[in-house]
2 protein chains.
Amino acid sequence: MVTLKDISKATGVSVTQVSRALGGHDDVKEATRAKVREAAARLGYRTNAIAKGLKTGQTGFVAMVIPSDIDASGREIMFDMVVGISQAISRHGLKFLLHVVDSDAQVTGAFDLLFHGGGIDGFILTELQEPDPRVAYLQDRNMPFVVHGQYPGRPHPFVDLDNFRVGEVLAGWLLDAGHRRILFLNGQDHRIYSSTRTAGARHAFAVRGIDPSTLDVAHGPMTQDRGRAVALDRLRRPDRPTGIIAGNTMLARGVWDAAAACGLRIPEDLSVTAHDDVLAQYPASGFDPVPSVTRSALHAAWAALADTMSQTIAGGDPEPDSGLLAPEAVPGLSVAPPPAGSSRG
Amino acid sequence: MVTLKDISKATGVSVTQVSRALGGHDDVKEATRAKVREAAARLGYRTNAIAKGLKTGQTGFVAMVIPSDIDASGREIMFDMVVGISQAISRHGLKFLLHVVDSDAQVTGAFDLLFHGGGIDGFILTELQEPDPRVAYLQDRNMPFVVHGQYPGRPHPFVDLDNFRVGEVLAGWLLDAGHRRILFLNGQDHRIYSSTRTAGARHAFAVRGIDPSTLDVAHGPMTQDRGRAVALDRLRRPDRPTGIIAGNTMLARGVWDAAAACGLRIPEDLSVTAHDDVLAQYPASGFDPVPSVTRSALHAAWAALADTMSQTIAGGDPEPDSGLLAPEAVPGLSVAPPPAGSSRG
DNA sequence: CTGAAAGCGCTTACAG
DNA sequence: CTGAAAGCGCTTACAG
């Protein structure tokens, strides 16, 4: 292993000046800096972020801790999420690491292990639940973190899609077209984003003077299989929904499948709105007809997350509410008035 | 952050003795040890593995580096692999971390970053290809590593299924039942385990005096979709195979699908053998009829991998060839003689 | 512009 | 059984 001392010996420059030359400080003679740089390159020097961290308190490593018992839909997007976050973090000159623990209960212990024992500067949290002990745990111990999502109570650094607005827009489109029997294929129960979207959708009902309790909300994994299964179940009932809100494009795929299986045309017989995370596997462009969507790229959220993480580690308090991402409302061809024969709620 | 110094102050014991007490050395008076332990627990002390590592050269962190552009089948098992390896590593008191880089080309750079700069003790390598620069890179730089698989040339620490034997057994069962037109649904091209399995299968042909070149080997991702697609293609040909070897149970699922689609019964019209990694999602018990398989739990491989990693870090050279895992040969009900009407190769 | 010195949290000979 | 001291690789006041 090549150290500053080795470069010092090779160049005759003191370790102090070698450190300053490589660290880009300006109080180093150009000639000295050049000599040091050359030797560092020649010897294959790599700065030891850990030793540096011992002194400065910053290693540049950021981590995420996940339990191994996450559900199917979590697994499905896990790889994309890890890759996306990792890339975004790298762009800020930080390094991303993933650590897996056996269960939810072991997550906080891993925070301590990694922060105090492993030179990790900060953590990224996703998939918040209610209740979720992680946020308070990190806040109480002053460990830097950024949440993808928001937790009620004490404010904290976060990046989040405006899920209330998502629910509001997706429901609003259907209501304004005249639909009254609406099914909302939402995400997992107890997930905060799910309940926020429901609240947004019900708000859309309320402001139009329609009873919000008539909205049928189904919680579960956001997969194509579940989308098909739940949609099929509801579409086969005599008072079938005339409009469906899909929480993402995978669920929407399932709705398309179910509509086909029931011989229902979109939008003539069934209207559908969906949220589009702009994931490569399930592009909204792959649908016929093009769906009406709220759109917000998960990649944009990850980039914002990395940015906020970088600020948080640097000690800057990100401004409250700066983390809220507005979805784009993109009308398509998947919404029409309900079919003439359908009784209206 | 609580340090040894804090405990020293709280107890009046020197930092030296505190370190020894907590480290479990035997040259500490019991009363002192008890006092120190109590204070450590009360203050919430956590040893800083990084500072320790600076002194001892061991942090207890083990990492795996994966490129983000891995293929579909790689993504499918990635989560299970990471979880399985992580658990196995934890059981040895080590900590596992995953780091993602953009492409294959950046993997070696990440090794340097993590080893010299990030306090990582050693690396786990999987999915070896040919050629694969990673093994030589780590060997040349004396960074500890263990491979799941084997690389030709200089010996190195590894754990690997005896893939030659797998190919030999799976082909042998079909040949001995009288099959001559055999399709081998193998894994990705350029993967060493794929070619080793092919070699084993061809060896089974050769020792029986049958031309090994008549074995039809198809390379690709080991997914159910591909299994179905390739099997369908072959089964619809006039000289369709009467026996199929499936590289894993996901491919086998696809074969079962294809057979059903063609109206072929297993084993009356089509014999199938498969390798079973004993993964929770695709249990061999879920098939009808029960398939004849070579069986070797990936979990066992991961446990062995962690064990070898632990030894390697500790400086012990694991014995050569101790890492080869023998598959279990478990005959089922999926092999019968070829149908009477079929011309025999 | 430069270098000797102190110190981040830890461990381990060394000398009692 | 105990503790002062040195040192892992680095950075940063401090004094030239």
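Guide: Let's begin with domains: domain bounds come from an automatic or database domain assignment. For chain A that assignment gives domain 1 (4-47), domain 2 (61-161 + 300-325) and domain 3 (163-296). Some ground rules: this is a predicted model, where local features need pLDDT of at least 70 and side-chain atom pairs count only at pLDDT 80 or more, while totals for chains, interfaces and linings use all residues. Residues are numbered from 1 along each chain as its sequence is written, chains are lettered from A and ligands numbered from 1 in the order in which they are written, and side-chain values use heavy atoms, with hydrogens and water left out.

Visitor: What makes a contact between domain 2 and domain 3 of chain A, and how many residues does the contact take from each?
Guide: Contact means heavy atoms within 4.5 Å. By that rule, 14 residues of domain 2 of chain A and 15 residues of domain 3 of chain A take part. The centres of these two domains, taken over C-alpha atoms, are 29 Å apart.

Visitor: Now the DNA. Which residues are closest to DNA strand D, and what makes a residue count as near?
Guide: A residue is near a strand if one of its heavy atoms lies within 4 Å of it. For DNA strand D, 26 residues surround it, the closest being A:Leu4, A:Ser19, A:Tyr45, B:Arg20 and B:Lys55. Looking from the DNA side, sugar and phosphate make up 60% of the atoms of DNA strand D that come within 4 Å of the protein.

Visitor: What makes A:Leu4 a polar contact of DNA strand D?
Guide: A polar contact is a pair of N or O atoms within 3.5 Å; within protein, one must be able to donate a hydrogen and the other to accept it, and residues adjacent in sequence count only if both atoms are side-chain atoms. A polar backbone atom of A:Leu4 is 2.6 Å from a phosphate oxygen of DNA strand D, so the pair falls within the 3.5 Å limit. Backbone atoms also reach phosphate oxygens of DNA strand D from A:Asn48, at 3.3 Å, and from B:Lys29, at 3.1 Å.

Visitor: Which elements give two or more residues to the surface near DNA strand D?
Guide: Helix 2 (15-23) and helix 4 (49-56) of chain A, together with helix 2 (15-23) and helix 4 (49-56) of chain B. Helices here are DSSP runs (H or I, at least four residues), strands are runs of E of at least two, and both are numbered from the N terminus. Helix 4 of chain A gives the largest share of the surface near DNA strand D, five residues.

Visitor: And what surrounds DNA strand C?
Guide: Again 26 residues, with A:Arg20, A:Lys55, B:Leu4, B:Ser19 and B:Tyr45 the closest. For DNA strand C, 61% of the atoms within 4 Å of the protein belong to sugar or phosphate and the rest to bases. A:Arg20 goes to a base: a side-chain N or O atom lies 2.5 Å from a base oxygen of DNA strand C.
Guide: Two strands pair if DSSP finds at least two bridges between them. The open sheet in chain A has six strands in the order 7-6-8-9-10-12, with mixed pairing. Strand 7 (216-218) and strand 12 (328-330) of chain A each have a single partner strand, so one side of each is left without a neighbour in the sheet. Neighbouring strands are turned by 15 degrees against each other on average, direction ignored.

Visitor: How do you know that strand 9 and strand 10 of chain A pair?
Guide: Strand 9 (residues 271-276) and strand 10 (residues 292-295) of chain A share four bridges, in the parallel sense, and the rule asks for at least two. Within this pair, A:His275 stands opposite A:Thr294.

Visitor: What angle does helix 9 of chain A make with strand 6 of chain A?
Guide: Helix 9 (residues 192-207) of chain A runs at about 160 degrees to strand 6 (182-185) of chain A, lying across strand 6, strand 7 and strand 9. Axes are lines fitted to C-alpha atoms, for helices over the stretch in contact, and angles run from 0 to 180 degrees between N-to-C directions.

Visitor: Which strands pair in chain B through three bridges?
Guide: Strand 6 (residues 182-185) and strand 7 of chain B, which run parallel. There, B:Phe184 has B:Val217 as its bridge partner.
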